[in-house]
Amino acid sequence: MTAAFSLAASAFFPTLVGGVFWRRANRHGAVAAMITGLTVSGIYIAASHPAVRGVLGLAQPLSWFDIDPIAAGVFGVPAGAMALFVVSLLTAAPGPDERAVFERLHTPESTRTAPVTAEGL
């Protein structure tokens with residue numbers, strides 16, 4: 001279960017945070033972030049499994065900085081964030097339609113026409 005959370009965080013967290021808070025993030029960067037984060041975490045988790053270690057010729061489980069494989073998100077999230085940043089900068093910026101959606105999400109209009117009073121509750 002914890003490995004699933006590491007995989008999910010690695011795949012989605014950089015994309016969600018980047019998409020909400022960085023105006024330059026685009027869909028190419030988001031896809032690259034999801035693939036990169038998932039790949040890094042997946043390889044780190046898989047390389048600790050005995051069958052995979054045998055195929056790769058590893059005598060011992062893969063261990064970077066003594067971090068358990070179930071916490072692979074520690075490596076996947078920064079890798080995904082870096083991929084989002086680099087690919088978004090190397091590809092075209094979001095167009096006016098995407099920027100309009102971003103601005104609308106960050107500055108919502110008030111849906112109330114009259115102030116709420118104690119009688120209205």
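A crossing of two helices is right-handed if the near helix is turned clockwise from the far one by less than a right angle. Keep that in mind. The model on the screen is a predicted one.

Start with helix 2 and helix 4. Their crossing is right-handed. The axes come within 7 Å and cross at roughly 155 degrees, with helix 4 covering residues 73–90. Over 145 degrees counts as roughly antiparallel, so helix 2 is roughly antiparallel to helix 4. Who touches whom? On the helix 2 side we have His28, Gly29, Ala30, Ala32, Ala33, Thr36, Gly37, Val40, Ser41 and Tyr44. They meet Gly73, Phe75, Gly76, Ala79, Gly80, Ala83, Leu84, Val87 and Ser88 of helix 4. Sort that contact by class and you get ten nonpolar residues, nine polar and no charged.

Next, helix 1 and helix 2. Helix 1 spans residues 2–21, and helix 2 spans residues 27–46. They pack at about 160 degrees, with axes 7 Å apart. These two helices are therefore roughly antiparallel. Helix 1 passes helix 2 in a right-handed crossing. From helix 1, the contact uses Ala3, Ser6, Leu7, Ser10, Ala11, Phe12, Pro14 and Thr15. From helix 2, it uses Ala30, Ala33, Met34, Gly37, Leu38, Ser41, Gly42 and Ile45. That contact has ten nonpolar, six polar and no charged residues.

The angle is about 30 degrees, and the axes are 8 Å apart. Under 35 degrees counts as roughly parallel, so helix 1 and helix 4 are roughly parallel to each other. The crossing is right-handed here too. Ser6, Ala9, Ser10, Phe13, Pro14 and Gly18 of helix 1 meet Gly73, Gly76, Val77, Gly80, Ala81 and Leu84 of helix 4.

Ser6 of helix 1 is in the contact with helix 2 and in the one with helix 4. Gly37 of helix 2 is in the contact with helix 1 and in the one with helix 4. Gly76 of helix 4 meets helix 2 and also helix 1.

Last item, the pocket. How big is the volume of the largest pocket? About 360 Å³. It is lined by 18 residues. Which of them lie nearest its centre? Ala25, Asn26, Arg27, Pro94 and Glu98. Helix 1, helix 2 and helix 5, residues 96–106, each supply at least two residues of the lining. By class, the lining has eight nonpolar, five polar and five charged residues.

Terms used
Residues are numbered from 1 along each chain as its sequence is written. This is a predicted model: local features need pLDDT of at least 70, side-chain atom pairs count only at pLDDT 80 or more; totals for chains, interfaces and linings use all residues. Side-chain values use heavy atoms; hydrogens and water are left out. Axes are lines fitted to C-alpha atoms, for helices over the stretch in contact, and angles run from 0 to 180 degrees between N-to-C directions. Helices (H or I, at least four residues) and strands (E, at least two) are DSSP runs, numbered from the N terminus. Angles under 35 degrees count as roughly parallel, over 145 as roughly antiparallel, 65 to 115 as roughly perpendicular and the rest as oblique. Contact means heavy atoms within 4.5 Å. Ala, Val, Leu, Ile, Met, Phe, Trp, Tyr, Cys and Pro count as nonpolar, Asp, Glu, Lys and Arg as charged, and the others, Gly among them, as polar. On a 1 Å grid over the protein atoms alone, a cavity is a set of points where a 1.4 Å probe fits but cannot get out, and a pocket is an open set with protein on both sides within 12 Å along at least five of seven lines; lining residues have an atom within 4 Å of a point. Grid points are joined across faces, edges and corners, and a volume is the space filled by probe spheres set on the points.
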